[in-house]
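Thanks for coming, everyone. Let me put the model on the screen, and then we'll walk through it.

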Amino acid sequence: MDNSGQLFPKLPLADWIESFVDFLTTYLSTLFDAISTVIEFITEGFVDLMDLAPPIVLIILIALLAWWAVNWKLGVFALIGLGLINNLGYWPELIETISLVVISVLISMIIGIPIGIWMSQKASVQAIITPVLDFMQTMPAFVYLIPAVVFFSLGMVPGVVATIIFSMPPTVRLTNLGIRQVDQELIEASNAFGSSTGQRLTKVQIPLAMSTIMAGINQTIMLSLSMVVIASMVGAPGLGTVVYRAVTQVAIGPGFEGGLSLVILAMLLDRITQGASQN
């Protein structure tokens with residue numbers, strides 16, 4: 001036993017990780033640059049698209065969407081809540097936050113749903129991917145910012161990448177769970193009619209599992225919003241920047257305004273996605 005009280009020498013795990021990251025940045029820099037360019041183009045394009053319409057037009061459209069998806073009460077709440085955010089002067093930050101969340105959630109769905117379907121069809125795949133999802137969900141969110149900054153520098157892109165990694169597991173898990181929970185008798189009936197695997201998935205399993213899949217997407221949206229403030233530490237714009245700046249300056253008023261704006265947005269996205277899954 002040495003003086004530090006350890007029976008064995010300390011593993012150079014940190015050195016191994018840094019060497020691996022150096023390897024990736026050296027040999028895959030072109031790939032990271034391409035990913036960064038694509039994400040930046042999409043997010044900036046989404047922000048520019050939403051900036052084409054005056055705030056009042058977007059507020060009315062979102063309120064109508066909330067009314068259609070849930071009820072008139074949520075529509076009125078959307079009208080008042082978004083109007084308040086615009087009145088407080090945080091409309092540009094709101095648009096940037098919505099852009100970050102929407103792009104992150106869409107990419108999470110594009111990656112996560114196929115992985116969840118794959119897990120539901122093969123037990124061996126589920127056995128391999130489940131520990132990876134456990135790791136992704138238990139790792140502190142701040143840790144994801146380190147490789148994101150190393151690979152993608154500062155700005156919106158590392159915020160989007162870190163948000164995707166942090167928020168994707170619920171979509172994968174609940175897609176897998178929803179498909180596996182489909183009544184076995186229905187699956188046997190579809191097999192008896194000669195359905196292929198693809199037909200069984202698209203005609204029986206996925207439609208019946210849609211409510212569970214939507215619940216996973218809803219959780220992904222909520223996790224994305226929780227990552228907004230953390231992502232502001234690496235330069236991601238939006239309401240998170242307002243909150244982070246207020247924390248560093250101990251500015252209670254602006255911090256409350258930014259936090260209230262995030263709460264209003266979170267409530268709207270939560271209720272709208274829940275309502276859409278039930279329609």
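Start with the largest pocket: α7 supplies the largest share of its lining, eight residues. α7 covers 141–152. A word on terms. Helices are DSSP runs of H or I with at least four residues, strands are runs of E with at least two, and both are numbered from the N terminus. Pockets come from a 1 Å grid over the protein atoms alone: a pocket is an open set of points where a 1.4 Å probe fits, with protein on both sides within 12 Å along at least five of seven lines. A lining residue has an atom within 4 Å of a point.

Before I go on, the ground rules. This is a predicted model, numbered from 1 along each chain as its sequence is written. Local features need pLDDT of at least 70, side-chain atom pairs count only at pLDDT 80 or more, totals for chains, interfaces and linings use all residues, and side-chain values use heavy atoms, with hydrogens and water left out.

Back to the pocket. Its volume is about 910 Å³, taken as the space filled by probe spheres set on the points, with grid points joined across faces, edges and corners. Of its 30 lining residues, the closest to the centre are Tyr-144, Pro-147, Ala-148, Phe-151 and Ile-165. Which helices each supply at least two lining residues? They are α1 (13–27), α2 (29–51), α5 (91–121), α6, α7 and α8 (156–167).

Now the whole chain. There are 13 helices and zero strands. The C-alpha trace spans about 65 × 60 × 40 Å along its principal axes. Of the 279 residues, 40% count as buried. Buried means under 20% relative accessible area, exposed means over 50%, and partly exposed is in between, using a 1.4 Å probe and protein chains only. Contacts are heavy atoms within 4.5 Å. Among contacts between residues at least 6 apart in sequence, 76% join residues at least 24 apart.

What does the record say? The unreviewed UniProt entry lists "domain: ABC transmembrane type-1" at residues 94–273. UniProt positions follow the numbering used here, feature names are shortened, and annotations may be inferred rather than shown by experiment. In the model, residues 94–273 are 87% helix and 0% strand, with end C-alpha atoms 18 Å apart. The unreviewed entry also places "transmembrane region" at several stretches, including 20–42 and 250–269. Residues 20–42 are 96% helix, and their end C-alpha atoms are 29 Å apart. Residues 250–269 are 90% helix, and there the end C-alpha atoms are 29 Å apart.

Next, packing. A nonpolar core is a set of buried Ala, Val, Leu, Ile, Met, Phe, Trp, Tyr and Cys residues joined through side-chain atoms within 4.5 Å. The largest one has 52 residues, and Leu-82, Trp-91, Leu-94 and Val-160 touch the most other members. A second, separate core has 16 residues, among them Leu-145, Phe-166, Ile-230 and Val-234. Look at Leu-82. Beyond its neighbours within four places in sequence, Leu-82 contacts Ile-59, Ile-62, Phe-77, Trp-91, Leu-94, Ile-264 and Leu-268.

Then charges. Side chains of opposite charge can pair when their charged atoms come close. How many salt bridges does a search of the whole structure find? Two. The criterion is a side-chain nitrogen of Lys or Arg within 4 Å of a carboxyl oxygen of Asp or Glu.

One joins Asp-134 and Arg-173, at 2.3 Å from N to O. Asp-134 sits in α6 (residues 123–138) and Arg-173 in α9 (residues 169–180), so the pair ties together parts 39 residues apart in sequence. Asp-134 is partly exposed at 36%. Arg-173 is also partly exposed, at 26%.

Another pairs Arg-271 with Asp-270, with the closest N and O atoms 2.6 Å apart. Buried or exposed, where does Asp-270 fall? Asp-270 counts as buried, at 11%. Arg-271 is partly exposed, at 37%.

Last, two single residues. Leu-269 lies in α13 (residues 252–278) and is partly exposed, at 25%. Leaving aside neighbours within four places, Leu-269 contacts Val-101, Asn-218, Ile-221, Met-222 and Leu-225. Lys-73 is in α4 (residues 72–88) and is exposed, at 55%.
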